[in-house]
Amino acid sequence: RTDPGYVSRVFRLLEREDLIQREPRGPVTSVNWQGLIRRWTEDYTLFGSNRTGSYLEPRGLNSLLRKLNNPDFRYAVTGSLGSASIAPVAPARLAVIYVDDMEYAAERLALRQTEVGANVILPEPFDPVVYERDEERDGITYVAPSQNAADLLTSPGRGPNEAEELMEWMARNEGAWRS
């Protein structure tokens, strides 16, 4: 559903930046996916590109994860909590969960809105692409590792370090996430 002329221009840009290789006027033959994720974050940030709200789950993140087992809304976990399920660096202290309607999700999850001491961030994605290639692990829906890496690279604190660890895991396990 994307305009072919637009795709062609994007491919030319990615070729010039040496992020993809392709046959002349033909298919893409290789992708520098790490470079592509880094390039993506030049134009995208988790907190700048999406509307977000800060919340408190007073019983902690394990309680929050239990509540996510059967919600009546679409969601996908990202950030530290998302990467911890495949490439843990340190215990997650913050949950970042994409939802289509943060007020509705906060109500359904019994979260308290707060400006200080939040342990849950609910971004409303600017584009539903965050739900593409999501995956379920232990009954919880997570964004694709590539989305998670981009989100961590643009997060404050230890997020960029966690992104590097996640991308190292991705490099060692390409068959587990690329298809």
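## The second largest pocket

The second largest pocket of this predicted model has a volume of about 240 Å³. A pocket here is an open set of points on a 1 Å grid over the protein atoms alone, with protein on both sides within 12 Å along at least five of seven lines. The volume is the space filled by probe spheres, of 1.4 Å, set on the points.

Lining this pocket are 14 residues (each with an atom within 4 Å of a point). Nearest its centre lie S80, L94, P156, R158 and G159. Helix 3 (46-49), helix 5 (79-84) and helix 8 (159-172) each give at least two lining residues. Helices are DSSP runs (H or I, at least four residues), numbered from the N terminus.

## The largest pocket

The largest pocket has a volume of about 1200 Å³. Among its 28 lining residues, V10, L14, L36, W40 and V129 are closest to the centre. Helix 1 supplies the largest share of the lining, 6 residues.

## Helix 7 against helix 8

Helix 7 and helix 8 pack with their axes 7 Å apart, at an angle of about 155°. Axes are lines fitted to C-alpha atoms over the stretch in contact, and angles run from 0 to 180 degrees between N-to-C directions. The two helices are therefore roughly antiparallel (over 145 degrees).

In this contact (heavy atoms within 4.5 Å), P145, S146, N148, A149, L152 and L153 of helix 7 meet residues of helix 8, including G159, P160 and M170.

## About the model

Local features need pLDDT of at least 70, side-chain atom pairs count only at pLDDT 80 or more, and totals for chains, interfaces and linings use all residues. Residues are numbered from 1 along each chain as its sequence is written, and side-chain values use heavy atoms, without hydrogens and water.

Definitions and conventions
Parallel < 35°, antiparallel > 145°, perpendicular 65-115°, else oblique.
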